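Visitor: Could you put the sequence and the model up, so that we can go through them together?

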Protein chains: 2
Amino acid sequence: MSILIDGLQYNNWSEQVFREMRAGGVDAVHVTIVYHEDFDETIENICAWNRRFAEFSDLIMHAKTAEDVLTAKAAGKTAIIYGFQNCSPVEDNIDLVQVLHDLGIRFMQLTYNNQSLLATGCYESSDSGLTRMGKQVVQEMNRVGMVVDMSHSAERSTLEAIEYSSRPIAITHANPHNWYPALRNKSDTVLKALAESGGILGFSMYPHHLAGKSNCTLESFCQMIADTADLMGINHIGLGSDLCQNQPDSVVEWMRNGTWTKDRDFGEGSASNAGFPMQPNWFKDNRDFHFIRDGLASVGMNQIEIDQVMGDNWLRFFRDSFEPVN
Amino acid sequence: MSILIDGLQYNNWSEQVFREMRAGGVDAVHVTIVYHEDFDETIENICAWNRRFAEFSDLIMHAKTAEDVLTAKAAGKTAIIYGFQNCSPVEDNIDLVQVLHDLGIRFMQLTYNNQSLLATGCYESSDSGLTRMGKQVVQEMNRVGMVVDMSHSAERSTLEAIEYSSRPIAITHANPHNWYPALRNKSDTVLKALAESGGILGFSMYPHHLAGKSNCTLESFCQMIADTADLMGINHIGLGSDLCQNQPDSVVEWMRNGTWTKDRDFGEGSASNAGFPMQPNWFKDNRDFHFIRDGLASVGMNQIEIDQVMGDNWLRFFRDSFEPVN
């Protein structure tokens with residue numbers, strides 16, 4: 001089938017954004033609802049989403065299963081799937097994993113950029129892999145049906161998560177390091193291990209992850225996807241745009257600094273370029289996915305392959321990942 | 001002067017324990033008020049201590065400075081100094097360090113046994129040293145006057161904390177690994193680096209850290225102290241009994257497992273020996289410090305050296321450590 005799924009967005013949510021999702025034919029989006037929040041703050045964010053589902057019930061609905069995504073599509077709505085970019089909502093309490101799954105959380109990064117209680121983030125100078133609690137929590141996520149996401153994790157931690165997790169994991173938003181050597185992009189070693197274990201990579205359109213950054217061409221991006229299909233296999237790739245639409249620069253500053261430092265950290269930016277980067281001209285918002293579809297055809301992918309990248313692979317992954325183990 | 005200071009206790013606090021402190025002539029004790037608690041739970045523990053200070057105002061008082069310790073001694077009371085065995089009360093918010101110092105916290109371990117947001121604990125299989133947040137928090141602790149305690153930390157993290165901290169650090173409760181190779185005991189490398197940086201080691205009387213465990217002899221313990229004085233210098237050692245008096249075994253199970261695991265962790269114990277170990281017969285409670293004083297004389301230490309070990313070194317360390325940097 002032809003379904004359009006984006007593996008990660010963190011927009012300043014509004015009617016405008018939801019209407020653009022519908023205009024762009026976006027069937028489902030994994031939305032980030034946490035960067036640094038603890039459990040109580042996460043509940044506040046869930047409450048805010050519940051108010052949005054009520055207010056914009058003609059445009060969006062909360063999805064906890066692959067079946068819910070199909071229900072949304074049939075009703076002409078965009079399915080919203082919750083995820084965390086950090087393990088902060090679990091605090092130091094493994095029992096919160098099940099509680100959070102009950103509330104609909106389907107993806108959780110074991111780390112944002114820094115060391116967490118579970119694993120090491122990609123900005124640390126040294127990576128000690130999965131911690132004692134990390135191994136426990138991965139087991140528990142496997143049990144309840146919450147996907148391990150290593151998008152912002154360091155290499156050894158990522159490889160250990162792939163190895164240790166009994167269910168396939170995801171890297172929801174990143175690109176190959178061999179195409180553009182950003183700290184956040186992933187080595188061939190990671191990408192191959194991810195694919196061999198049945199996992200999935202979502203390609204990021206966030207400019208700091210793109211060759212040429214904001215000036216990256218659609219052709220370069222689509223050729224990279226075709227090349228990665230050769231490396232990983234066509235079943236193990238999708239989109240994960242990392243779209244951060246309409247966010248003020250204070251948000252990216254908060255993403256980077258949270259409350260962990262008294263210095264100012266610039267993450268993938270710099271003192272002279274501290275804000276959100278400009279999107280490439282072929283992906284400004286949810287109405288632009290058709291450019292990618294066309295671009296993939298231009299680099300020689302066939303219709304079935306394009307459908308897989310645009311959403312079919314994510315749908316299969318959701319079906320295999322979101323339910324508890326029997 | 002002759003002052004008796006214990007560098008760590010975590011008893012089931014009661015009038016009995018406080019009266020034994022007075023009977024034993026104990027002038028000051030660094031008490032653990034946190035193992036796994038977050039900020040809000042820490043406040044509850046502080047409130048419980050405030051109630052104790054009111055109820056037992058003839059026996060104990062809260063001390064925030066070395067001067068307070070002398071005030072308590074002059075009044076015939078035992079000074080109580082707060083410390084944490086984990087960084088959990090700081091959560092992910094560096095600004096809480098100053099708030100907690102204002103509330104009287106004077107020691108904080110960067111880790112308990114596991115990986116924390118700041119550093120690696122001694123039970124992890126891999127040690128990545130101080131994290132990005134760890135370096136920030138050590139700087140902040142240095143600024144406000146909160147002592148970095150690495151008693152439960154792994155070797156590389158400990159060495160990095162000694163190196164990175166601009167003020168001397170403490171290992172409040174551990175023994176030399178060369179005397180008894182417990183995982184928690186410290187290598188000569190760590191002990192020498194600690195001493196060279198002006199830091200201090202508190203000798204533990206917790207049986208899992210003793211050669212011969214519960215059957216350790218007073219003579220062996222005191223000879224180990226004399227030998228460590230030779231290694232580190234007489235200025236850098238004191239007592240840190242780790243006395244956990246009157247605690248039910250459920251407490252040691254909580255110390256080890258907190259809420260981080262669904263399996264059962266036995267820490268320094270084992271499935272067949274899961275509870276608190278029996279104290280050696282020469283140190284059962286706060287009335288027994290005189291045995292150690294006599295034991296140190298028996299292994300050839302002079303009166304000045306004995307006074308240093310029994311409390312003078314801790315008093316000097318408190319004086320140098322508890323106030324903010326100008």
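**Two loops, some helices and a pair of chains**

Visitor: Where is A:Glu91 found?

Guide: A:Glu91 lies in the loop of chain A that runs between strand E4 (78-84) and helix H4 (96-102), where helices (H or I, at least four residues) and strands (E, at least two) are DSSP runs numbered from the N terminus. Please keep in mind that this is a predicted model, in which local features need pLDDT of at least 70 and side-chain atom pairs count only at pLDDT 80 or more, while totals for chains, interfaces and linings use all residues. Residues are numbered from 1 along each chain as its sequence is written, and chains are lettered from A, and ligands numbered from 1, in the order in which they are written.

Visitor: What about the phi of A:Glu91?

Guide: The phi of A:Glu91 is positive, about 50°, although the residue is not a glycine. Most residues other than glycine have a negative phi.

Visitor: Which other residue has a positive phi, of about 60°?

Guide: That is A:Asp242, again not a glycine, and its place is in the loop between strand E9 (237-239) and helix H9 (249-257) of chain A.

Visitor: Is A:Asp242 buried or exposed?

Guide: A:Asp242 is buried, with 25 other C-beta atoms within 10 Å, whereas A:Glu91 has 19 and is partly exposed. A residue is buried with 20 or more other C-beta atoms within 10 Å of its own, exposed with 12 or fewer, and partly exposed in between, the C-beta atoms being placed from the backbone.

Visitor: And A:Leu243, what does that residue touch?

Guide: Leaving out residues up to four places away in sequence, A:Leu243 touches A:Gln9, A:Asn11 and A:Met205, a contact being a pair of C-beta atoms, placed from the backbone, within 7 Å. A:Leu243 is found in the loop between E9 and H9 of chain A, and it counts as buried, with 24 C-beta neighbours inside 10 Å. A:Asn12 is 231 residues away from A:Leu243 in sequence, yet their C-alpha atoms are 9.9 Å apart.

Visitor: Let's step back: how many helices and strands are there in chain A?

Guide: Chain A has 11 helices and 9 strands. Its radius of gyration is 18 Å, close to the 20 Å that the globule rule gives for 326 residues, so chain A is as compact as a globular protein of that length; the radius is taken over C-alpha atoms, and the rule is 2.2 Å times the number of residues to the power 0.38. The C-alpha atoms fill a box of roughly 45 × 40 × 40 Å along the principal axes, and 50% of the 326 residues count as buried. Of the contacts in chain A between residues at least 6 apart in sequence, 70% join residues at least 24 apart.

Visitor: At what angle do H8 and H10 of chain A pack?

Guide: Helix H8 (residues 218-232) and helix H10 (residues 289-298) of chain A pack at about 65°, with their axes 9 Å apart. That makes H8(A) roughly perpendicular to H10(A), a label given to angles of 65 to 115 degrees. The contact is made by A:Leu218, A:Glu219, A:Phe221, A:Cys222 and A:Ile225 on H8(A), and by A:Phe291, A:Ile292, A:Gly295, A:Leu296 and A:Ser298 on H10(A). These residues divide into 7 nonpolar, 2 polar and 1 charged, where Ala, Val, Leu, Ile, Met, Phe, Trp, Tyr, Cys and Pro count as nonpolar, Asp, Glu, Lys and Arg as charged, and the others, Gly among them, as polar.

Visitor: Which residues of H6 in chain A are buried?

Guide: In H6 (residues 155-164) of chain A, the buried residues are A:Ser157, A:Thr158, A:Leu159, A:Glu160, A:Ala161 and A:Ile162. They pack against helix H5 (132-144), strand E6 (147-149) and helix H7 (188-196) of chain A. In chain B, the buried residues of H6(B) pack against helix H5 (132-144), strand E6 (147-149) and helix H7 (188-196) of that chain.

Visitor: How many residues of chain B are in contact with chain A?

Guide: There are 30 from chain B, in contact with 30 residues of chain A, and the side of chain B that touches chain A divides into 5 nonpolar, 15 polar and 10 charged residues.

Technical notes: Contact = placed C-beta atoms within 7 Å. Axes fitted to C-alpha atoms, helices over the stretch in contact; angles between N-to-C directions. Parallel < 35°, antiparallel > 145°, perpendicular 65-115°, else oblique.
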